[in-house]
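Here is a short briefing to read alongside the model.

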Amino acid sequence: MTGAATVQQTEVLESTALNAEYHRLRVRAAAPAATARPGQFFQLLCPASPAGTPFLRRPMSVFGADPAAGEVSFLFKVTGLGTRGLAGLRAGETLDLLGPLGNGFTLDPAWRHIVALGRGAGLATLAPLGAAARGAGMGVSAILSARRPTLMVADDAFRAAGAEVTLVTDAEGTSGPAHVERLLRGLIAAGRCDALFTCGSARLLEVVRRLAQGFGIPAQVALEQQMACGLGMCFCCVRAFRVDGQVLHRRVCYDGPVFDAREALE
Amino acid sequence: MTDLSVRIGALTLANPVMPASGTFGEGMARALDLDRLGAFVTKTITRELRLGNPLPRVAETAGGMLNSIGIPSQGVAHFLEHTLPFFAAYAPPLIASISAPTAEGFASLAAALSVPGVAAIEANISCPNLEADGQAFAMREASTGAAVRALRTATALPLWVKLTPNVGEIAPVARAAEDAGADALVVANTILALSIDIETFRPRLGNVLGGLSGPAIKPIVLRQVWQCARAVRIPVIGCGGISDAADAVEYLLAGASAVQVGTASFRDPTVMVGIIAGLDRFCERHDLPRLADLTGAMRTEETDEPELAWVSPVA
Ligand SMILES: Cc1cc2nc3c(=O)[nH]c(=O)nc-3n(C[C@H](O)[C@H](O)[C@H](O)COP(=O)(O)OP(=O)(O)OC[C@H]3O[C@@H](n4cnc5c(N)ncnc54)[C@H](O)[C@@H]3O)c2cc1C
Ligand SMILES: Cc1cc2nc3c(=O)[nH]c(=O)nc-3n(C[C@H](O)[C@H](O)[C@H](O)COP(=O)(O)O)c2cc1C
Ligand code: FES
């Protein structure tokens, strides 16, 4: 992880509930925040709510970053104390953010077509990758998973970027690993999968890892873990990886959050 | 211009503010100018390679947090090959925090780390002593004395000894460390604590117990710094819940010669630079040419004229 990360007081430009569970925030932010790359994240100091005041910052992926407009946006699932406070922010109020942090996704210019496979809140992390890959002239197939169609997020962002989008849901019985694997094998067979990207589901990661190993396809996963410092100092955010037959721990905030999916365990 | 420098034994620091062990690392260079700090303190290093404790390793509490990181150590070779060269590029002195399961282990590790580029050893004796039922060295005067004596013979570097707050009486432990040859005390480590998720009936930490840190512990550790500073002649470095310059001043007044900042850096990684600037402003506001004069300057008895007059009234 390199480059400056700053603490910034940003002005909330937009705060929108997207559906029963998800919320989007857009803030005005100067560089280096606005230059955040897909897969990087910020540590947000979430405001107090009647439920209490979160002591630690909360990690949140960059959903969008526009250096020209000086804007950053986040898309998140409202789950607990911190995210409830974030969802309560209104335009004109202040959000304190630290970042950008971590290593984002990498795109090899040699790739012609990539596949993004994500679920739930993980779709927020993958969305800017779709736009970046299209911007680099690559084709993008996105397989987006949710519990039910009304909880699907970021599909519009993928479509706006020109990705080919397939939606799968639990409600329709299309999101199981076996069906998703069939979709992926179809894309691989069609020569439309030079690299795989995933976020948001351990079961989908398992499918990605198996196919990536079997077909020798590069694969990247953005992982989550509870964080405190976000700067690689406290070692609370480790995950296990298998590298050259050895199990070792890496810090999600500093060594990731994007990792080689073939090495990630569980 | 206030003189912010402080002396910790043979070592002079440009200012009294440094990170607490385990809350600092190379990543902080991304958020602040490391050259502004009074010193660097590494994450505790052990000789053996260790993975650390089960997850979750942190949990929030009112005004602070619990951690049970353990000491996931990458060992001595990693320190010498990576950590040391990285910090050598900066001006502040590097303090190596070490831990071991035996007094002999402390000594051999201190010897291995007494190399150019390391300005002092900070012995984290709050860890379990395998020779005494796993009780932390710093919970007993005898085991504190034994560990510090072994360390003293093993290194010529300034020796800082970090005490645990988990004791009934801290002053005797502080004296035991001083008598055995410590050059300074760091007071203190985290307070042993527990938090339970009442929805799942499970402890919030994978390790069940953890250490409480942050603003919640400040008045307790401040009391212990005061007790230690009165009991020993060597400098005391205060550490516990410091989040701003006012907290740091409180510690200095209680008898600390310098301060360490831990948990507050997680909320704001630039907080130490703000504390240094705030200390400078505080001294200017109080017309203090030397910040070091604040150490132990808490006033406990009033000697004002009117009250003396009351004690011995004019006939
Ligand atoms: C690098 C990274 C990027 C992320 N990006 C997004 C995103 O774009 N959109 C989104 O909806 N969510 C994202 N998450 C998950 C998000 O951080 C958690 O949902 C959030 O921290 C929950 O906080 P809370 O206070 O609302 O919930 P609580 O349940 O009250 O949180 C309690 C504690 O658990 C931690 N925690 C809970 N869930 C998670 C989780 N899934 N991952 C990590 N820590 C967790 C919290 O940080 C907090 O310390 C990301 C996580 C990471 C690590
Ligand atoms: C995440 C975390 C990791 C820590 N690791 C160490 C460590 O390795 N060695 C040590 O001596 N103290 C360690 N500590 C204790 C701190 O150095 C400090 O003594 C304590 O947190 C109190 O200070 P604070 O309230 O400013 O955080 C750790 C504290 C935290 C929060
Ligand atoms: S959150 Fe502190 S090391 Fe990752």
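The points below cover the contact between the chains, the ligand and some backbone details.

This is a predicted model, in which local features need pLDDT of at least 70 and side-chain atom pairs count only at pLDDT 80 or more, while totals for chains, interfaces and linings use all residues. Residues are numbered from 1 along each chain as its sequence is written, chains are lettered from A and ligands numbered from 1 in the order in which they are written, and side-chain values use heavy atoms, with hydrogens and water left out.

**Chain A against chain B**

- In this pairing, 29 residues of chain A are in contact with 28 residues of chain B (contact means heavy atoms within 4.5 Å).
- The two chains bury about 2,500 Å² between them, 61% of it on carbon and sulfur atoms; buried area is the accessible area (1.4 Å probe) lost on putting two parts together, summed over both.
- Phe55(A), Met233(A) and Phe235(A) supply 32% of the area that chain A buries against chain B, more than any other three residues.
- The count between the chains is 1 salt bridge (a side-chain nitrogen of Lys or Arg within 4 Å of a carboxyl oxygen of Asp or Glu), and Arg58(A) meets Glu60(B) in a salt bridge at 2.9 Å, N to O.
- By class, the side of chain A that touches chain B has 21 nonpolar, 6 polar and 2 charged residues; Ala, Val, Leu, Ile, Met, Phe, Trp, Tyr, Cys and Pro count as nonpolar, Asp, Glu, Lys and Arg as charged, and the others, Gly among them, as polar.

**Ligand 2**

- Ligand 2 lies between chains A and B.
- Of the 24 residues around ligand 2, Ser21(B), Thr44(B), Lys162(B), Gly241(B) and Thr263(B) come nearest (a residue counts as near if one of its heavy atoms lies within 4 Å).
- Oxygen atoms of ligand 2 lie 2.7 Å from a backbone N or O atom of Ser21(B), and 2.8 Å from a polar backbone atom of Gly214(B).
- The protein covers 97% of the 600 Å² of accessible area that ligand 2 has on its own (Shrake-Rupley method, 1.4 Å probe).
- The shell around ligand 2 divides into 8 nonpolar, 14 polar and 2 charged residues.

**Backbone details**

- Most residues other than glycine have a negative phi, and most peptide bonds are trans.
- The peptide bond from Gly256(A) to Pro257(A) is cis, with omega near 5°.
- Another cis peptide bond runs from Val187(B) to Ala188(B), with omega near 10°.
- Ala154(A) has a positive phi of about 70° although it is not a glycine.

Note on methods:
A polar contact is a pair of N or O atoms within 3.5 Å; within protein, one must be able to donate a hydrogen and the other to accept it, and residues adjacent in sequence count only if both atoms are side-chain atoms.
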